[in-house]
Amino acid sequence: MTRVRFLRPDGSLDAEIEGREGERLLDAAWRAGQPLEGACEGSIACSTCHVIVAAEDFERLPQASEEEE
């Protein structure tokens, strides 16, 4: 599982959950009670699901699949 942390604008922790395998980030956010609209319904076409990954963690990720690009 993947730990997902939701931070407030000041950088403090708002919520932390374990992401479920295959779960969309938007669905995980809603499950954590985050007030996100999700206008694109989780297709990552709007500005709802911005993610910041630390450089050292990003380097450990596998190449994106065609479905993810």
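1. **Ground rules.** Residues are numbered from 1 along each chain as its sequence is written. Because the model is predicted, local features need pLDDT of at least 70 and side-chain atom pairs count only at pLDDT 80 or more, while totals for chains, interfaces and linings use all residues; side-chain values use heavy atoms, with hydrogens and water left out.

2. **Confidence.** The score to know is pLDDT, the predictor's confidence in each residue, from 0 to 100. The protein chain averages 86, and 96% of the residues score at least 70.

3. **Overall layout.** You will find two helices and two strands in the protein chain, in the order β-β-α-α from the N terminus on. Helices (H or I, at least four residues) and strands (E, at least two) are DSSP runs, numbered from the N terminus. The C-alpha trace spans about 30 × 25 × 20 Å along its principal axes.

4. **The largest pocket.** About 2,000 Å³ of space lies in the largest pocket. Its lining is made up of 39 residues, and T2, V4, L25, V51 and V53 lie nearest the centre. The elements giving two or more residues to this lining are β1 (2-7), α1 and α2 (55-58), with β1 giving the most, six residues. A pocket here is an open set of points on a 1 Å grid over the protein atoms alone, where a 1.4 Å probe fits, with protein on both sides within 12 Å along at least five of seven lines; lining residues have an atom within 4 Å of a point. The volume is the space filled by probe spheres set on the points, which are joined across faces, edges and corners.

5. **A look at Q34.** Leaving aside neighbours within four places in sequence, Q34 is in contact (heavy atoms within 4.5 Å) with F6, D14, A15 and A29.

6. **A look at S65.** S65 sits in the segment after α2 and counts as partly exposed, at 33% relative accessibility. Its C-alpha atom is separated by 33 Å from that of D10, 55 residues apart along the chain.

Technical notes
Buried < 20%, exposed > 50% of the residue type's maximum accessible area, 1.4 Å probe, protein only.
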